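Hello,

Here is the structure we talked about handing over. Please load it, then read the notes below.

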Amino acid sequence: MFYITLFFTLLLSIGIFANQQLRMYPFPDGRIVGGEPINIEDYPYQVQLLYWELHICGGSIISSRYIVTAAHCTNGTVASELSIRYGTSIRNDGGDIAQVATLYQHPEYDEETADFDISLLKLGEDLLFADKVQPIKLPRLNEAIPVGELCVVTGWGRLEHNGVPPLQLQAVRIPIITLEQCREAYAVRNLTVSDRMICAAYPSGGKDACQGDSGGPLVVDDVLFGIVSWGIGCADPNFPGVYASVSALRSYITEISGI
């Protein structure tokens, strides 16, 4: 899952994200493959992360002032360049926009391995909760997800590899797999799946997150357990989707936000 998006390619060409060119890991695409259109009322924690008011990644509301997203989405940026669009099912349209006041990218985030792939965004103003705007619950520290449990991943990523991103928010349900399975799959490419990651995939592939979904939520029973992070291809049966583990990184969330 997750080759670099056209937008980031453009940014790289003008030097804004030149440091990303050294990444060993495939850059997350953040798209939904094999999913279905959904409405924001059913997933009101979902937001769009904007770079100069253009969609680059997803994110999740965890309180009236804080958003969780992936560190690879914010790497090389500053808070003044970022905002979120919330309360809408449509990419780059509708809802409201809130400016990011402070960016907290995990200090141990590693561009080469995609480890500690989490950032918190403190907004300049409180979000007003309503039917389309609600926080997502967080797991306990190191809380595990049973293998085989279906999770739901949402976002505006592309519907097929190198395809056109949808306007309407999409969702897909994928089962959690073991870290051992995931590590074995990526060992053939000498890529490491750390203890701060979780993986989800069907053995036959066909359903996955990919371009534009990066930073978005992986949710089980209304709890945010994962952040769309990285992978090879999209919905490839040989390469599961890899997500930053929110429960493994829970103490960092508490340290920054107090939640």
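**Disulfides**

Searching the whole structure turns up two disulfides. Keep in mind that this is a predicted model. A disulfide is a covalent bond between the sulfur atoms of two cysteines.

One pairs Cys57 with Cys73, with the sulfur atoms 2.1 Å apart. The S-S torsion of Cys57 and Cys73 is about -90°, so this disulfide is left-handed. Cys57 sits in strand E4 (residues 54-61) and Cys73 in helix H2 (residues 71-74), so the bond ties together parts that are 16 residues apart in sequence. Cys57 and Cys73 are both buried.

Cys182 and Cys199 are also joined by a disulfide, S to S 2.0 Å. The torsion about the S-S bond of Cys182 and Cys199 is -75°, and the link is left-handed. Helix H3 (residues 179-187) holds Cys182, and strand E11 (residues 197-200) holds Cys199, so this pair ties together parts 17 residues apart in sequence. Both of these cysteines, Cys182 and Cys199, are buried.

Cys151 has a relative accessible area of 1%, so Cys151 is buried; the cut-off is under 20%.

His106 is in the loop between strand E7 (96-105) and strand E8 (119-123). Is His106 buried or exposed? His106 is buried, because its relative accessibility is 8%. The His106 side chain reaches the backbone nitrogen of Glu108 at 3.0 Å. Setting aside neighbours within four places in sequence, His106 contacts Phe116, Ile118, Ser119, Leu249 and Tyr252.

Best regards

Note on methods
Residues are numbered from 1 along each chain as its sequence is written. This is a predicted model: local features need pLDDT of at least 70, side-chain atom pairs count only at pLDDT 80 or more; totals for chains, interfaces and linings use all residues. Side-chain values use heavy atoms; hydrogens and water are left out. Helices (H or I, at least four residues) and strands (E, at least two) are DSSP runs, numbered from the N terminus. Buried means under 20% relative accessible area, exposed over 50%, partly exposed in between (1.4 Å probe, protein chains only). A polar contact is a pair of N or O atoms within 3.5 Å; within protein, one must be able to donate a hydrogen and the other to accept it, and residues adjacent in sequence count only if both atoms are side-chain atoms. Contact means heavy atoms within 4.5 Å. A disulfide is a pair of cysteine sulfur atoms within 2.5 Å.
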